[in-house]
Amino acid sequence: MKGKSPKESHTIMNELVLPNDTNTLNNLMGGRLLHFMDIAAAISAQKHCNRIVVTASVDNVSFHHPIKLGDVITIEARVSRAFTTSVEVRLDVYAENIPSGTKVKSNDAYYTFVALDQNGRAIPVPPLVPETEAEQELFDGALRRRQLRLVLAGKMKADDATELKALFFAADKK
């Protein structure tokens with residue numbers, strides 16, 4: 001199967017924060033943002049896989065900056081690594097207040113998707129071929145993030161998480 005570059009899955013999604021999207025403080029509700037992020041990440045994953053994908057996991061999402069009523073949200077998503085039947089997607093979220101001309105990074109996260117065939121069974125995905133140094137860094141870190149997800153989900157024993165162990169115990173060997 002031919003590999004694909006991260007730029008082939010690059011997706012930019014914009015949304016205007018309307019009153020129905022906000023809480024009583026006129027800030028975008030976190031669940032609404034996660035919904036928008038899931039859509040952008042799924043589009044990115046589908047571009048890479050050329051298949052229908054389903055969300056398998058969402059990593060910790062921290063809210064660094066509130067997004068206000070009337071702000072425009074820009075969500076950038078791209079595949080950071082492909083595994084056998086799944087892909088990890090990196091998302092960066094920006095909030096822009098057009099009248100004031102300010103734009104701030106609000107959030108970042110990693111979502112994982114599994115590609116499915118027409119019968120709903122997991123199917124192999126194309127490999128990812130990083131082209132830049134930044135893409136290579138995300139690619140390299142993805143294995144550690146994957147092992148952490150699997151350990152936390154109880155699907156991998158901590159002793160089997162070799163990339164994580166190397167991260168924590170490499171200093172002990174020096």
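This is a predicted model: local features need pLDDT of at least 70, side-chain atom pairs count only at pLDDT 80 or more; totals for chains, interfaces and linings use all residues.

User: With which residue does D92 form a salt bridge, and how far apart are the closest N and O atoms?

Analyst: D92 is buried, because its relative accessible area is 15%, and the cut-off for buried is under 20%. Its salt-bridge partner is R90, and the closest N and O atoms are 2.8 Å apart.

User: How many residues apart are R149 and D59, which meet in a salt bridge?

Analyst: The side chains of R149 and D59 meet at 2.7 Å, N to O. R149 belongs to helix α2 (residues 133–152), whereas D59 is in the loop between β2 (52–58) and β3 (72–82). The pair thus links distant parts of the chain, at a separation of 90 residues.

User: Is R149 buried or exposed?

Analyst: The relative accessible area of R149 is 13%. Since the limit for this class is under 20%, R149 counts as buried.

User: Which parts of the structure are tied together by the salt bridge between R78 and E135?

Analyst: In this salt bridge the closest N and O atoms are 3.6 Å apart. R78 is partly exposed at 24% relative accessible area, whereas E135 is buried at 11%. Because the two residues are 57 apart in sequence, the pair ties together strand β3 and helix α2.

User: Over which ring does the charged end of R81 sit, and at what distance from its centre?

Analyst: Charged ends also sit over aromatic rings in this model: K103 is placed over the ring of Y94, 5.3 Å from its centre. For R81, the ring is that of F139, and the distance to its centre is 4.0 Å.

User: How many aromatic pairs are counted, and what are the centre distance and plane angle?

Analyst: The count comes to 1 aromatic pair. It is formed by Y111 and F113 and is stacked. Both Y111 and F113 are buried. The centres are 6.4 Å apart, and the angle between the planes is 15 degrees.

User: Which residues does I73 touch beyond four places in sequence?

Analyst: I73 is among the residues with the most contacts inside the largest nonpolar core. Setting aside residues up to four places away, it touches M13, N14, E15, V17, L28, L33, F36, I67, V93 and Y94.

User: Is N107 buried or exposed, and what is its relative accessibility?

Analyst: N107 is part of strand β5 (residues 102–116). Residues touching N107 from beyond four places in sequence include L33, F63, H64, L91 and D92. Its side chain also makes a polar contact of 2.4 Å with that of S106. N107 counts as buried because its relative accessibility is 0%.

User: With which residues is S62 in contact, leaving aside its neighbours within four places?

Analyst: S62 lies in the loop between β2 and β3 and is partly exposed, with a relative accessible area of 31%. Its C-alpha atom is separated by 27 Å from that of T85, 23 residues apart along the chain. Its contacts beyond four places in sequence are S106 and N107.

User: What relative accessibility does T112 have?

Analyst: T112 is located in strand β5. Beyond four places in sequence, it touches residues including V54, T55, A56, V87, E88 and R149. T112 counts as buried, because its relative accessibility is 10%.

Key. Residues are numbered from 1 along each chain as its sequence is written. Side-chain values use heavy atoms; hydrogens and water are left out. Helices (H or I, at least four residues) and strands (E, at least two) are DSSP runs, numbered from the N terminus. Buried means under 20% relative accessible area, exposed over 50%, partly exposed in between (1.4 Å probe, protein chains only). A polar contact is a pair of N or O atoms within 3.5 Å; within protein, one must be able to donate a hydrogen and the other to accept it, and residues adjacent in sequence count only if both atoms are side-chain atoms. Contact means heavy atoms within 4.5 Å. Rings of Phe, Tyr and Trp (its six-membered ring) pair if their centres lie within 6.5 Å; planes under 30 degrees apart count as stacked, over 60 as edge-to-face and the rest as tilted. A charge sits over a ring if NZ of Lys or CZ of Arg is within 6 Å of the ring centre and within 35 degrees of the ring normal. A salt bridge is a side-chain nitrogen of Lys or Arg within 4 Å of a carboxyl oxygen of Asp or Glu. A nonpolar core is a set of buried Ala, Val, Leu, Ile, Met, Phe, Trp, Tyr and Cys residues joined through side-chain atoms within 4.5 Å.
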